Amino acid sequence: MYAVETKDLTKHFRIGLKRKVIALDHLNLKINEGEVYGLLGPNGSGKSTTLKLILGLHQPTEGEATVFGRSSETVVSRLHVGLLPENPYFYRYLNGEETLRFYGKLCRVTGPALERKIDEILELVGLSQSRHRRLAGYSKGMLQRIGLGQAMIHDPKLLLLDEPTAGVDPEGSIDIRNLIIKLKKMGKTVILCSHLLSQVQDVCDRISILRYGKKVLEGNVKELLSKKDQFQFIASGLSEQDKRAVEELISRSGKLESTSHPTSTLEDLYMESVGGTKII
Amino acid sequence: MSLEAVQPMQEQDSLSFSPARVWVIATNTMTEVIRQKVLYVFILFGLALCGASSFFTQFSFNEELKSIIDTCLAAIKLLTALIAVVGTAMLLPSEIENRTIYTILTKPVYRIEFLLGKVAGMSLLLFFVTIVMSVLFGAVLLLDEKALVSHALQGTSLLQASDPVKQTINAIYAQTRNPNLIKAIFLLYAQAVLLVSMTMMVSTFATSSLFSIIIMLVIYMCAPLATIANEVWKSQPSILGRVGLMFISFCIPDLSSMTLVDDVVAGKHVLMSYVLSTTGYAALYTLVVFALGAFIFQEKEL
Amino acid sequence: MWSRCWWKVLLVVLIFSPVKVLWEGDIHKLARASGLFSAGFNMDMRGKITQDLAVAVLGGFRGIVTDFIWLAAHSNWEKREWFRMKPKLDTVVLLQPHFLDYWDIGAWHMAWNISYDASVNTAEPREAFRLKEQRYWIDEGEKFLREAIANNPDSWQLYFKLGWLLEEKKQDYKQAVEYFTKAAEFKEAPLYVRRQVPHALRKGRMNKEALAQWRKIWNGPRDGEYVHELWDVVEQEMRKLEVELKVPYSERAFPKNTYTNVLTSPVPEPAAKSKPKKTDKK
Ligand SMILES: Nc1ncnc2c1ncn2[C@@H]1O[C@H](COP(=O)(O)OP(=O)(O)OP(=O)(O)O)[C@@H](O)[C@H]1O
Ligand SMILES: [Mg+2]
């Protein structure tokens with residue numbers, strides 16, 4: 001059983017009377033349990049729409065999505081799912097602790113178990129100090145953190161994170177990255193939408209890149225990024241003489257393409273597949 | 001970071017309708033509306049009360065009490081209706097605007113639970129508001145009664161009072177201790193709950209809270225026509241005309257049947273059977289409208 | 001959204017609509033039976049109040065609107081602007097025809113205050129005109145009360161007030177008696193109402209009928225609420241009339257020189273027992 005499976009998932013949005021936007025076009029995904037899966041793509045390529053369809057917030061125009069084998073249109077499919085929406089806002093009049101309590105109660109976590117859980121999560125997302133402050137006074141990054149917290153309050157098996165690091169400071173981003181790695185170790189499935197390619201490269205097992213609602217690339221990150229017939233050597237402290245010797249050695253059986261500084265290669269891959277895309 | 005310490009929750013495989021979840025959403029809704037400073041209505045109500053009890057003091061006791069009762073019942077009607085319509089109209093759009101609805105509906109929560117929680121929260125808040133206003137109203141009425149009675153007695157005791165004085169006092173009591181007042185307030189509350197449910201239904205498809213408020217305002221203004229619509233319906237000869245009118249009439253709740261202010265002031269007795277029938281009507285209407293709202297909300301794209 | 005649920009919505013509307021209409025009909029029937037909502041909104045009102053006020057009235061603020069028009073009428077009265085006051089009184093009773101004080105006080109203003117003011121109006125030197133004016137306002141008061149009764153046939157007060165006006169202001173004792181009698185027929189009417197009938201008869205020199213009325217009271221029940229009847233007044237009036245009418249001693253309730261003290265005289269047959277017998281005979 002897949003954690004998430006989509007079959008020809010298609011979504012049209014009607015704009016006005018006649019026009020429509022094809023936000024998602026026959027998307028097929030198979031996301032395994034315990035996998036960290038990255039959804040990439042330019043703005044408006046349908047990442048958030050995919051998440052909403054997986055969670056039943058939208059109805060598919062065509063095709064279907066299942067979560068742990070249950071159709072996304074049923075409420076039971078949401079039993080083990082947590083979502084961090086993009087740009088989350090919460091009830092401004094609740095404080096951090098109350099927010100988590102509210103969502104916990106909604107998921108039927110109650111009593112001392114809930115209180116323990118709240119403490120743990122606040123610690124986890126780094127908001128222990130501001131737990132008694134109203135959310136009206138939270139900064140964007142803090143809201144992102146509490147959003148991450150509420151997504152985990154009922155200990156779901158699947159987490160959908162829509163740009164979890166947007167607005168979070170660099171240290172916080174690293175925290176979130178480590179958290180995702182930790183979640184993976186615990187056997188959770190994570191679907192991550194992000195524009196921070198280096199982070200995606202770090203944490204994701206597999207990625208797919210969307211463009212105009214279509215999947216243009218999918219695969220294991222390591223495999224995608226390693227060009228099997230190409231090698232890049234990184235050396236330091238090499239003398240000019242030795243460098244020439246290495247070049248000579250390479251030219252014996254191969255051809256020296258170029259020598260360059262290492263780059264964040266997911267970026268290259270990304271630009272290669274979707275570079276120059278116009279936002280529709 | 002101590003994620004290891006988190007206990008895995010018990011695996012759940014089914015999900016039934018849960019009143020507890022409805023309650024969580026209802027209490028949260030109440031907090032939300034109260035934080036919108038809705039309770040300032042009590043100040044408005046107090047002002048209306050002061051105005052009413054001071055304007056007519058130069059008149060006969062009957063006129064004075066009438067003006068207090070008129071004003072209070074009208075204020076209860078207006079304020080509860082306003083809170084019901086405006087407060088409810090803001091709920092869904094603000095949830096969508098703030099995207100809080102995403103975090104709620106992606107939890108294992110039925111949409112109908114969410115909607116019911118909203119309606120129940122609003123109704124509970126209105127219950128509280130109605131009770132507080134009624135208590136204030138009752139207090140002013142009793143104070144006024146005390147003043148009027150002692151004025152009528154002019155120093156003598158009730159036992160020594162002459163028959164005309166006793167008659168006056170009984171007439172005062174008939175106005176101030178009128179059980180029909182409670183029935184009237186109860187029906188005003190039933191009306192407010194019906195308005196909450198209707199507004200919620202409208203806001204499931206309306207695109208903004210302003211739009212819902214305008215629709216509800218039109219319905220509220222047309223409500224007195226329900227009686228006429230009913231008459232016209234009966235006299236409509238063609239089946240087609242009857243069916244057509246029935247649809248129009250569906251949108252117009254008979255709110256005037258729940259507004260007994262005039263009759264109570266005029267000393268009319270409100271039969272219990274009338275209260276029951278009207279309450280039943282309001283309850284059924286509320287339920288039906290809620291069901292419609294739930295059908296639409298179920299399919300709503302967020 | 002609609003494409004997936006319209007049929008459910010339609011179905012519910014289809015089922016509920018007839019239920020709603022029928023239930024409303026039932027409620028209105030019940031309301032009419034208990035006398036609620038007889039004050040509707042009619043086209044008459046449109047001409048009398050402004051559009052804004054009409055909206056307020058329709059919106060359920062009829063009571064407050066009426067209160068304020070009444071307040072304005074009152075200030076007209078204080079300024080003696082009678083012809084401004086009258087239309088306001090008419091509007092007030094049109095809006096809330098079941099608040100009896102409006103009718104009662106309005107009629108009293110016309111028949112007593114305004115008519116008196118007209119009769120002593122120094123701005124009008126011709127007495128005939130003054131009297132005509134006085135007459136006019138008394139008639140207006142009478143009309144007002146008759147309209148009141150038409151709107152509230154179930155309240156004894158209005159019959160009593162009309163009788164009072166006819167007796168005091170028009171000296172029309174025959175009609176006054178008629179209305180006092182109607183008022184006295186109500187169970188909840190206080191005892192002075194039934195005494196008013198023979199009083200008015202006597203004033204109208206219908207002594208025989210007056211005596212008959214007093215006798216009816218005297219021979220009527222004395223327990224329960226009737227304990228509070230002013231029995232000595234009844235006796236006094238009877239004695240007076242028996243003398244005036246020269247009733248033979250044998251037929252008098254109070255033959256010469258006998259004096260009954262109500263408090264010590266034996267109570268006649270208890271009324272409760274004699275009543276059912278009468279109905280049996282019928
Ligand atoms: N409710 C809606 N109504 C109409 N069009 C919509 C709606 N939601 C999304 N769209 C359209 O669907 C397309 C996909 O949007 P989506 O939000 O999934 O993009 P995204 O990949 O999440 O972009 P970003 O990186 O900016 O978050 C866009 O063209 C967007 O305009
Ligand atoms: Mg997005």
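**View 1. A:Ser45 in its loop.** A:Ser45 is located in the loop of chain A between β3 (36-40) and α1 (47-54); helices (H or I, at least four residues) and strands (E, at least two) are DSSP runs numbered from the N terminus. The model is predicted: local features need pLDDT of at least 70 and side-chain atom pairs pLDDT 80 or more, whereas totals for chains, interfaces and linings use all residues. Residues are numbered from 1 along each chain as its sequence is written, chains are lettered from A and ligands numbered from 1 in the order in which they are written, and side-chain values use heavy atoms, leaving out hydrogens and water. A:Ser45 is buried at 2% relative accessibility (buried, under 20%; exposed, over 50%; partly exposed, in between; 1.4 Å probe, protein chains only).

**View 2. The magnesium ion (ligand 2).** The protein donors are A:Ser48 (OG) and A:Glu86 (OE), 1.9 to 2.6 Å from the ion (donors: N, O and S atoms within 2.8 Å of the metal, or 3.2 Å for Na, K and Ca; water is not among the atoms, so sites may look incomplete). A:Ser48 belongs to helix α1 and A:Glu86 to the loop between β6 (81-84) and α2 (96-106), 38 residues apart. A:Ser48 is buried at 17%, whereas A:Glu86 is partly exposed at 27%.

View 3. Two salt bridges are counted between chain B and chain C.

Definitions and conventions: A salt bridge is a side-chain nitrogen of Lys or Arg within 4 Å of a carboxyl oxygen of Asp or Glu.
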